[in-house]
Amino acid sequence: AEANIDKFDPLVIQNARGWRKKITDNIYINQQDWWHPNDVNLFPSDFKSDIFGPDDLLISAKGYNLLFIVSINDLKIKWFSQGLTQAQHDPDWISPDSFIVFDNRSNLNPSSKFSVIKSFDFKTSKFNTLFDGEIYSAVTNHSGGSSLYGEHLLMTLTGQGRHILVNLENNDLIAELFVLYNQKKQNLTEAKLVSQKVLDTISKC
């Protein structure tokens with residue numbers, strides 16, 4: 001079926017009272033901030049795909065537990081997922097056929113109170129869990145992000161004032177960083193893993 005951007009336009013979806021509106025079991029939308037778009041990721045120009053191109057945007061709309069891909073040329077939606085992530089952030093393309101996303105979850109979501117990093121594979125049309133934050137009590141109910149480099153995953157836990165670096169091959173904790181001020185945890189912005197080549201380039205600037 002054809003889909004267009006109006007499908008998710010909060011102006012054409014009936015409003016209702018209250019902070020949260022139940023859609024189905026364990027799935028809610030935030031009615032104080034309908035869209036809450038928190039990330040836009042352009043399909044990389046060096047990726048080759050029969051489905052997506054350099055004019056396609058991968059967008060996260062936290063308020064709807066929604067991820068979708070839309071062409072900026074004609075505003076046609078090529079793909080979407082609603083309710084399979086909860087209050088998600090930071091979707092990033094990792095190949096022409098897949099992306100990762102920070103699935104926040106929290107104690108407000110009965111399915112799990114810990115954040116996870118998921119990947120979506122367009123070849124199988126399925127989400128897979130790359131890393132479950134329950135192992136290290138990792139959760140943030142707002143913001144957050146992840147960065148993947150080889151088998152290493154960096155997870156930003158904004159609400160905990162914490163970064164953790166793990167090895168995905170065995171889930172070992174490689175490093176953990178807390179940011180404190182006057183002994184209080186501070187909200188963190190997202191951190192990224194980069195190659196030594198990138199650092200060398202920056203140092204020459």
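Buried means under 20% relative accessible area, exposed means over 50%, and partly exposed covers what lies in between, as computed with a 1.4 Å probe on protein chains only. The model shown is predicted, so local features need pLDDT of at least 70 and side-chain atom pairs count only at pLDDT 80 or more, while totals for chains, interfaces and linings use all residues. Residues are numbered from 1 along each chain as its sequence is written, and side-chain values use heavy atoms, with hydrogens and water left out.

View 1. Gln88 belongs to the loop between β6 (77-82) and β7 (89-95), where strands (E, at least two residues) are DSSP runs numbered from the N terminus. Its side chain makes a polar contact with the side chain of Ser60 at 3.0 Å, a polar contact being a pair of N or O atoms within 3.5 Å of which, within protein, one must be able to donate a hydrogen and the other to accept it, and residues adjacent in sequence count only if both atoms are side-chain atoms. The backbone oxygen of Leu66 also lies 3.0 Å from a polar atom of the Gln88 side chain.

**View 2. Strand β13 (residues 162-167) is largely enclosed by the rest of the structure, because 6 of its 6 residues are buried.** Arg162, Ile164 and Val166 point one way from β13, whereas His163, Leu165 and Asn167 point the other way.

**View 3. Strand β12 (residues 152-157) runs antiparallel to β13 and is joined to it by 6 bridges.** Two strands pair if DSSP finds at least two bridges between them. Within this pair, Leu153 stands opposite Val166.

Key. Helix = DSSP H or I, 4+ residues; strand = E, 2+ residues; numbered from the N terminus.
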